[in-house]
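Hi everyone, thanks for coming. I'd like to walk you through a few bits of a structure I've been looking at. Have a look at it first.

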Amino acid sequence: MSGWNYVVTAHKPTNVTHSCVGYFTNPQELNLIIAKCTRIEIHLLTASGLQPMLDVPIYGRIATLELFRPPGESQDVLFISFERYKFCVLQWDAETSSLITRAMGDVSDRIGRPTDNGQIGIVDPDCRLIGLHLYDGLFKVIPIDNKGQLKEAFNIRLEELQVLDIKFLYGCAKPTIAVLYQDNKDARHVKTYEVQLKEKDFGEGPWLQNNLDNGAGLLIPVPLPLGGAIIIGEQTIVYYNGSVFKAIPIRPSITKAYGRVDSDGSRYLLSDHNGMLYLLVISHDKERVTALNVEPLGETSAASTLSYLDNGVVFVGSSYGDSQLIRLNHQADAKGSYVEVLESFVNLGPIVDLCVVDLERQGQGQVVTCSGAFKDGSLRIVRNGIGINEQASAELQGIKGMWSLRASSSDVFDTFLVVSFISETRILAMNAEDELEETEIDGFDSDAQTLFCHNAIHDQLVQVTAGSLRLIDAKTRKLLTDWKAPAPLSINVATANASQVLLATGGGNLVYIEIGQGSLVEAAHVKLEYEISCLDINPVGDNPQRSDLVAVGMWTDISVRIFALPSLTLITKEMLGGEIIPRSVLFCSFDGIAYLLCALGDGHLFNFMLNPATGELSDRKKISLGTQPIALRTFRSKNATHVFAASDRPTVIYSSNKKLLYSNVNLKEVNHMCPFNSASFPDSLAIGKEGELTIGTIDDIQKLHIRTVPLGEHPRRIAHQEQSRTFAICSAKYAPTGSNGEDMETHFVRLIDDQTFEITSWFSLDPYENGCSIITCSFTDDFNVYYCVGTAYALPEESEPSKGRILVFLVEDSKLQLVAEKEVKGAVYNLNAFNGRLLAGINQKIALYKWTSRDDGTRELQYESSHHGHILALYVQSRGDFIVVGDLMKSISLLIYKPEEGAIEERARDYNANWMTAVEILDDDTYLGAENSFNLFTVRKNNDAATDEERGRLEVVGEYHLGEFVNRFRHGSLVMRLPDSEASQIPTVIFGTVNGVIGVIASLPQEQFLFLQKLQQALVKVIKGVGGLSHEQWRSFSNERKTVDARNFLDGDLIESFLDLSRNKMEEIASPLDISVEELCKRVEELTRLH
């Protein structure tokens, strides 16, 4: 039953909507604050670049973001207003490194027409008030008193109805705004007003300027000593302050963003719609402006926001491409550009279309998105987990362990790979041809299974076998000395670092040995009451050569113990519970925090925080990684330490923002792993699988791996064809033409190889013809698989297209062959394969076409039947004989095709007025829709209703505010579906949004849904929203017509944030639910496996 749904984000929003720079977290340190619609990121500016400090979700869509400094304070505070008319003022709390809310409120009015040009929120430079323009004809004022407290807000009538921009001017005795507006004859003017706080009214301002450039759209207030404002148009830039007027012509362009470089406002960065960056220089003699100049600097992503940081470094936030950190150089490069890109931040937005495919054929879905817009358009291949790129492999059966060794302690790279088998040890090394070949180390006992080996101090090597511990000179490779266990005991478990060895001999004996130059000294020996199952002595303190602690995993009482060195006195004993013994323990430190990891024989992993000075353990957490025993090893990648957990579900454990994250590795089963950083394969891993040894490099460590295929044009629709191993896309290329600076669009259908992502063939559409839809399908009585493309002629003089085409292509030798075309009266908004026929949504009708043969053997599409009665049938999905239609404004309707009559009839509809953006069929009776106020809803058909009227109504069963504009739903999954996990039985739908979010909607069984609903209610009480915003209000379904509470949808992001809570908060939530914290963690972790 698909009525109970769980909505979770697999990829967070990446579309940067706002950014600002100021001293927010510390009076001396500069911060960059970035808004990504529903998230806020705070970065610290350091010598080495941006350092992330905080990344939090916020329960609202951010409309404006401003830093300001209240009177008498030493650091800035953050003012944010939201699209749903809430606002908050946030301040940094250095002790807890979190945001605290200084003020919050609701600024909605009961009546009022929301502005067409977006909300405006501005702060007076002298901090006397905050101004908001939210409704046409009203300017809302929130006064600020001299202690920095906000007072009660009031409205002032604004005569200008079509406001384009409002800014506060600098250096005015009374707070003064400049208003850029358009009159009813479409001319544009600027007017200034004084805000009179006592009278709650406007007074006449110091100046006005009429009849500006018709494209004037942006005001930049200039700080003192100059004052005044810059008005940026499409063809001119004007400076005016009431007395001085300067204007310069510019190349026709639409300026989208600006950033101030100098605090006195003498230089500004401007970015236009094509991503060209300009420097506007104001020449002045301290009091008067003498000239304006505009210099082109180079090209960046199309910017939505520009923030000048320091030393010529600029953050370019983009909604259409990747955001960038750039440096402006004094000298131009060979191409004449002054822009150097220091870092790029991946942005998937806007995702216009996506498809889910299994390219590697391993049962793991990958999402391929049509991302970006205009010149920044690209395809993005998004897959879950971390890939291993194989460099070399060899067949080897029965590997029992692997270690890498350096030829000498001073070497940077590893030379030897020691591979241990049940009764022998082989040593592999790289030869001159970069091949692995077998070699010898004389001092090694190669006729026994190696339990451990390591590079030791004084340029020595140690090898441990069941019979002895051997110390070998690394230069001569001869045996220096050895230590044997007293008969009849043998060594069963061993571990070592550069100067210490720890051995377990039978009967619970634990022996600690110090490595000297050519000597092995037994320094301590204790007898424990049970057998020892695993050991670790990896240094986490300040000295990388020595450890003061050892970790010991025990049989029988199932405990992990920590002893102090050199005396081997017991410090801590932690009972793990259960019957499964610990198989691997490991000390490690991430982000400067020390941890103890302890893995059990059934695939569970405990992690504890470790105090390296006292050996105490705290903050115990348990998670399930697989079902087989886990072996833990550390490795380094990109200058950070990570842990590899080898088992039937191999995982990399890493840290981000001081919390541990687990990312699955895209390999089936891994038994052994060790880092192998050799000269020919730097930063590689050696991986032992069943019957095979592989050496490979590891992808960047992150949850999702994203590969970008830049197209330089805007991809609009995508489809995949398994048989020809290709993708086909509809794309639009923009090229500037003519003198008026207008861009000409040309549209293509392009064929792309699904392995190399190279364009192998393309088909040009006619002038004004747009590609609207594309599918891969086959027809009755025809073995071929075709691509079908639906198009529309978007003629400038028509409001709705009156003509379009359906094109049918066959792929032969990686080329597109046009087999048939059909002209239709309207835009072909969508196509569906429908029981061997083709179903098309054309303007307001749904039409069905069959594939017929002509007399000469060629084929054509022939009209069969249709259904009218929609406003625009934009989104259509079909299953069996049922057709679900998402209308432009009439929500969802259900049609049925009757084969015997060859007719399509309406069976039921939802009578609400929802403006649809996407639809999908969840199961035979439940349909999912997304609408343009950022909501999701589900409707169900009433099969068992008593009357025809009720049967003809689709009942709304679920409602939820997603806060994202969904462009496409697709069935599929981002994760490997392992048959043993509960998550594999849960059907999922993936969606893509304008902000670059990839989300998952999972249909849960009712009992699980009800349990999680209780958990969500408990979490809302404990986790408070940033800025005092309410979770219930945020998730309530809300559009212009109604607001109702969310139902039958759960917020997966909130539920999964349970795993980040501290242990005592977890207990506070678990106790009323009558469930242990461990069990609750396990149930929430199962959910994280859905994405």
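So, how many bridges pair strand 4 with strand 5, and in which sense? There are eight bridges between strand 4, residues 39–46, and strand 5, and the sense is antiparallel. Before I go on: this is a predicted model, where local features need pLDDT of at least 70 and side-chain atom pairs count only at pLDDT 80 or more, while totals for chains, interfaces and linings use all residues. Residues are numbered from 1 along each chain as its sequence is written, and side-chain values use heavy atoms, with hydrogens and water left out.

A quick word on terms. Strands (E, at least two residues) and helices (H or I, at least four) are DSSP runs, numbered from the N terminus. Two strands pair if DSSP finds at least two bridges between them.

Back to strand 5: its Val56 sits opposite Ile40. Both strands belong to an open sheet of four strands, ordered 2-3-4-5, with antiparallel pairing. At the edges are strand 2 (18–26) and strand 5 (49–57), each pairing on one side only. On average, neighbouring strands here are turned by 30 degrees against each other, ignoring direction; the axes are lines fitted to C-alpha atoms, and angles run from 0 to 180 degrees between N-to-C directions.

Next, strand 48, residues 559–564. Why call it largely enclosed by the rest of the structure? Because six of its six residues are buried, and buried means under 20% relative accessible area with a 1.4 Å probe, protein chains only (over 50% is exposed, in between is partly exposed). On one side you have Ser559, Arg561 and Phe563, and on the other Val560, Ile562 and Ala564.

Strand 48 has antiparallel partners: five bridges join it to strand 47 (549–554), and six join it to strand 49 (569–575). Val560 faces Gly553, and Ser559 has Met575 of strand 49 as its bridge partner. Strands 47 and 48 make a hairpin with four residues between them, and Thr556 in the turn has a positive phi of about 65 degrees. The hairpin of strands 48 and 49 also has four residues between its strands, with Leu568 at a positive phi near 55 degrees.

Last stop, helix 6. Its twelve residues, 1077–1088, reach 16 Å from first C-alpha to last, close to the 16 Å expected at 1.5 Å a residue; that expected span is 1.5 Å times one less than the number of residues. Among its buried residues are Val1077, Leu1080 and Val1084.
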